[in-house]
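Hello,

Here is the structure I promised to pass on. Please have a look, and then read on for what turned up.

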Amino acid sequence: MPLAIRHSPMKNNLRHMTAKLPQTSELQKPSKKTRRTRSQPLSVRASLPAHLARRRRPPAKPWNWPPVLVALTAFSSGISLLAGGAWVSVQFMMNPNAFAGLNAQLLEPTESAPVASQPIESLTAIRAQLQQEGVQPAPTIPLKVPGTGANTPTDLLMRIMVETAPPKSLICQSPCQQLSELRVYQPVPVAEAKDAKNRQTEQFVRLVSQVSLEGPAESFVIAPLVQSKSNRQGSNRPQALTALEGFRGEPPATKGVWLNLTGYRREGEATIAYGQVFHYNPERTNLSFMAQWTSTAGKLPAWQEVTGDGNPELVVDQSNGIEPKFVVYQLQSRNFLPNPIQLEEISLKEPVFDKSEPAGLSYNQALQFARIGLWSPALKQMEAVKQRRIQSKEEWPEAAQSQLDVIQLHAQIAQAQADTAEADPAQKAYSALLDGRWEEALKIFEADLDNANSIAITLKADKGRLWKRVEGAMKINPETAVRGWGALILAAQQGKPQALAWLKQQTVPVGGSQDASGVQSAEMLLERLEVALSESTLINHPSQIVGSATPTFEVNGADWLKPKQDTALQLSKGQVWYQVQVAGFHDGQRWLRGLFSNLQLPRIEPGRRLWRILGLNLNSQIQVAAWMPDGTQKTAMATVKAVSFNNGTLQLLAAGEPIPGATPADNLGAGGTVPRPVAFTADKFRWLEPASITMTELNQQQSSWVTTILTNLWRELQAAGSLPGGSVPSSEEMLLESGNWQVQSIDLNGNQVPDAVLTLRPDLYANWNQSGASVAGSDLSSRPRTLIFDDAGKLLYSEFTSGAGQSLTGFADLEDGGPVALVVDGANGYSLKRWVTEKSRFE
């Protein structure tokens, strides 16, 4: 293989080292060490002893040369210079490339040098030579400059590939080949290849530039992840470059060609793209390293206009999820003829103004906001600084404007992220928090407990992104909203005591006192968070409710709690209000019966909590059943709109259709001879209608059971004063008057054997009073009374004595696996009663 004219080893080392550096302009600045070296003679002279420093050298004696000798010397020097110039001219005419190596020595050591002294070779021979050396040349790519004509000669790029055993993290096709070198060849006319064979079929080229490649260090590639969440720092091991890919967007017009060398690796669940950017200047055959980049978003760099100066910037996307992060490189000129351009990062770490300058403090605070990802506060403050300087007719440098443009780019993306998350309030609030829009996030948090609950879960899962911003903002501008969010994050992750302790530790302004209103506001936020988190412990269940219903015509909205307090209490056309006093409800685990004195409600949105406890969030429909004066039952559907809780009494306000056929004259809900209307959840409350049989028919089947029932019934009526005292008649005598009585058969005590239910009107048992004596409860207009006997004839329930004042309305299957419940209308409304075996009674 033909040899190129190389630099000295030191110059080659410098060239390869600087190919890895992101900014070549840094090498043009003299180091502090260099400046000290240049001033060293002064320091050495100052350190001499005093007696030596004062001693002076005697003046040198002038040489006394003869004039003839001086003239001969001058004449000889002139002849030598003329002869040397003639010789150089002849050499250039004979071999134009004879002094090309001198050009290489005069170039900056950070750039690839032209190697024009290379002989002309065919591409076939070059590829064969490289393959013999164990490397694989990729097909050449024309380095066509945009805007040049179709017939313009173009140089050729050859990528030298090396097959490697890739690490597991590297994404690479098998067999994996990585880029080890870039070469640029210049096509030459066939006529110049005098000694070449097959001149008519081969393409002949001359090597004009080459660069050895080494990918960016692992620590650089994963740096954005390290800053956000990863604990790995990475090593200095170079990461393989595996491909040559394009950019997104149109590159700037530079009379050259932009090259993007790329690689991809896995880091956890993320795919990271990384690479290096080179620029080739065909006029000087110079291939220069411009920048290295890494994208945790897995995207190629994009050329897009950020600063508005007419040239696009190179933008690298390092965003992590919904957190925007972009590195922006700006095209700058430099004093280097072979490739007079460079890419410089627009840094937010290097302030343009000192803090002591006008508006310098606010400007530096804006940069601090930007560095911790609070883009909107940074943009707002930076724009205010710019406006103040313009109004005071002070300079606003281009460097400061470029920083402002980069901040604006991030703020716009952050706002767009929040807008796209509009359907999810928690995501919208999280995006606002990442961007430093504290008040906007608070509005979402306080708008609804559903929002607060989902935001609380998000805060609990945060791995430090938000806390980093809170800490930074507290140092710059500890406003009330920032303190509030700091307390919320700590409460969600470590508990309310830690949050309260942190609030008390916050720095008090000099000469001021703790902001009492701010602390109180934060404490209210903590209470809301506590209520929201406690909702996750509630069992989500559909409503199962029973109670007494009363039609009502006047409703005061202030007396009722609604799931959302801004909801108006209004009736639709044709609807009426029902006020329901709850007798019992199922909380998802068991039935609870009033009074509900153990029911604890929070101060914040108690109506919402009741809504969840009652299961109305899943089913707010309720059915109202009323008994007409003629004994028929009518039903209507209604929807619960509000609730009320006072001293253990739980009430519902429902809007629904009126009871069919009911009129105000029916006086529904007033009690009397017919039961009051009952309200219940239709699909979770099943009315049961037991089978009926006459006493005579039952006696034919189970005579001993009937005898015991009638005997105990007689004694119960005597005890209630409904029959006079004396001996109990025989069963035959009692059957003469009770043979037509209806007996309902249903298992009420859970022993799987039917019990007997008797509902007696006063006129039915009045005939048993043969003496005609006046007895208690003999008013024939009074309501019917019910008695229940077990399968042995024992009295279980009586509305004559122990249950006086109650009225059994019906039987209900509560569909929870327990015994059948009695629906009993009492002085305080309806209640549910079930048989308790341990106490041998209905409760």
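Which residue forms a salt bridge with Arg-183? Glu-181 does, with the closest N and O atoms 3.0 Å apart. A salt bridge here is a side-chain nitrogen of Lys or Arg within 4 Å of a carboxyl oxygen of Asp or Glu, and by this rule the count comes to 20.

Before going further, please note that this is a predicted model, in which local features need pLDDT of at least 70 and side-chain atom pairs count only at pLDDT 80 or more, while totals for chains, interfaces and linings use all residues. Residues are numbered from 1 along each chain as its sequence is written, and side-chain values use heavy atoms, leaving out hydrogens and water.

Arg-183 is buried at 5% relative accessibility, and Glu-181 is buried at 13% (buried means under 20% relative accessible area, exposed over 50%, partly exposed in between, with a 1.4 Å probe and protein chains only).

Another salt bridge joins Glu-218 and Arg-265 (3.3 Å, N to O). Glu-218 lies in helix α8 and Arg-265 in strand β8, so the pair ties together parts 47 residues apart in sequence. (Helices, H or I of at least four residues, and strands, E of at least two, are DSSP runs numbered from the N terminus.) Both Glu-218 and Arg-265 are buried.

Glu-527 and Arg-603 also pair up, at 2.4 Å between the closest N and O atoms. Here Glu-527 is buried, at 14% relative accessibility, whereas Arg-603 is exposed, at 64%.

Enjoy exploring!
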